[in-house]
Amino acid sequence: NKKGGLLGRPLEAVVVDPASDWPRFAELSRQLLTQDKVAAVFGAWTSVSRKSALPVFEELNGILFYPVQYEGEESSRNIFYTGAAPNQQAIPAVDYLAQEEGVERWVLAGTDYVYPRTTNRILETYLKDQLGVAQEDIMINYTPFGQSDWQSIVSEIKAFGSAGKRTAVVSTINGDANVPFYRELANQGVKAEDIPVVAFSVGEEELAGIDTAPLVGHLAAWNYFMSVDTPENEEFIKNWHAFIGNEDRVTNDPMEAHYIGFNMWIKAVEKAGTTDPDAVIDAMVGVSVPNLSGGYSSMMPNHHITKPVLIGEIQDDGQFETVFETPGLV
């Protein structure tokens, strides 16, 4: 807006909060598109919320930018997926553990909903077909949202990892359940150097305000870390802290995904010369904008974007030290 807005008009943000209630995502999407007449929606959190809202966007021909890593296997004309698909997070993480850490036994631990189940189905097939892992060297476990008692599960993981083969946990555990999970690992003496955990849902925001001691040395795979040392990221963090008025607040991967998606929408609207959804959707493919890692991300014809993949080790300050980065965009 300081630059004069978009197509000569100021942008106005309309903010709604579905409060993690999945049907509310659909209700509020309908409200945004029909009553508030928004030009684009940036949001939804978890695949269940996106799948709840998806039919509304297709029915009303709205545009949704979804910023969270997800299980793939979806492509809608009305949705732009700026978070990672499995080949941009889960598979590179497994390759890293196999090649760099010599992992031979695998625990696929997830929260019981669509994202972990689909991702783990993909990973199980990949482990067996591409890496030659035997079925007996794969353990799969699902727990409800908010699982708090991890004692028996961690005991099973510990026993599974005592077979003389290097073992790792690939975690699609989501939300609050992560804190007691890592705490129980520490309680039972399972260290990162013994059985490393690589997580796909633990980022800077999840680590803020909790005791990170049990997590230090474990890993996470994302497409962005706050610790990325580039001028673009430094500027982004500075602007975020000025906006929020709190220098302790962190940035994270879904924030970068929305930053990229928003700038892509701007470019597509300028290219189309209108905010009309059909014109913008057609203009979006091929749009390329800077990401915060110092490169450019492009919108592909399947409405997913090119991304670098980073694997970071959790530090005691709640930040990540990058231990691996793909040589190019995935």
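This is a predicted model: local features need pLDDT of at least 70, side-chain atom pairs count only at pLDDT 80 or more; totals for chains, interfaces and linings use all residues.

Reader: How much space lies in the largest cavity?

Author: About 140 Å³. It has 17 lining residues, and those closest to its centre are Trp45, Val68, Gln69, Ser201 and Trp222.

Reader: Which elements give two or more residues to that lining?

Author: Those are α7 (204-207) and α9 (253-272).

Reader: And the lining by class?

Author: Seven nonpolar, seven polar and three charged residues.

Reader: Switching to Tyr70. Where is it found?

Author: Tyr70 sits in the loop between β2 (64-66) and β3 (79-81).

Reader: Is Tyr70 buried or exposed, and why?

Author: Buried. Its relative accessibility is 1%, and the cut-off is under 20%, so Tyr70 counts as buried.

Reader: What does Tyr70 touch, leaving out residues up to four places away in sequence?

Author: Ser47, Arg50, Tyr81, Ala84, Ala85, Pro86, Tyr115 and His304. With His304 there is also a side-chain polar contact of 2.5 Å.

Reader: How far apart are Tyr70 and Met255?

Author: In sequence, 185 residues. In space, 15 Å from C-alpha to C-alpha.

Reader: OK, cores. Which residues touch the most other members in the largest nonpolar core?

Author: Val107, Trp150, Ile157, Val169, Phe181, Tyr182 and Leu185, out of 28 residues in that core. Elements giving two or more residues to this core are β4 (105-111), α5 (151-160), α6 (178-187), β7 (197-199), β8 (219-222) and β11 (310-314).

Reader: Which one gives the most?

Author: α5, with four residues.

Reader: What does Trp150 touch, not counting residues up to four places away in sequence?

Author: Thr143, Ile173, Ala177, Pro180, Phe181 and Glu184.

Reader: What else is there by way of a separate core?

Author: A second core has 23 residues, including Val103, Tyr115, Val133 and Ala168. Tyr115 is also one of the residues that Tyr70 touches.

Reader: Back to α6. Which residues in α6 are buried?

Author: Asn178, Pro180, Phe181, Tyr182, Glu184 and Leu185.

Reader: And what do the buried residues of α6 pack against?

Author: They pack against α5, β6 (167-172) and β7.

Reader: Last one. What follows α6?

Author: Gly189, with a positive phi near 75°.

Definitions and conventions. Residues are numbered from 1 along each chain as its sequence is written. Side-chain values use heavy atoms; hydrogens and water are left out. On a 1 Å grid over the protein atoms alone, a cavity is a set of points where a 1.4 Å probe fits but cannot get out, and a pocket is an open set with protein on both sides within 12 Å along at least five of seven lines; lining residues have an atom within 4 Å of a point. Grid points are joined across faces, edges and corners, and a volume is the space filled by probe spheres set on the points. Ala, Val, Leu, Ile, Met, Phe, Trp, Tyr, Cys and Pro count as nonpolar, Asp, Glu, Lys and Arg as charged, and the others, Gly among them, as polar. Buried means under 20% relative accessible area, exposed over 50%, partly exposed in between (1.4 Å probe, protein chains only). Contact means heavy atoms within 4.5 Å. A polar contact is a pair of N or O atoms within 3.5 Å; within protein, one must be able to donate a hydrogen and the other to accept it, and residues adjacent in sequence count only if both atoms are side-chain atoms. A nonpolar core is a set of buried Ala, Val, Leu, Ile, Met, Phe, Trp, Tyr and Cys residues joined through side-chain atoms within 4.5 Å.
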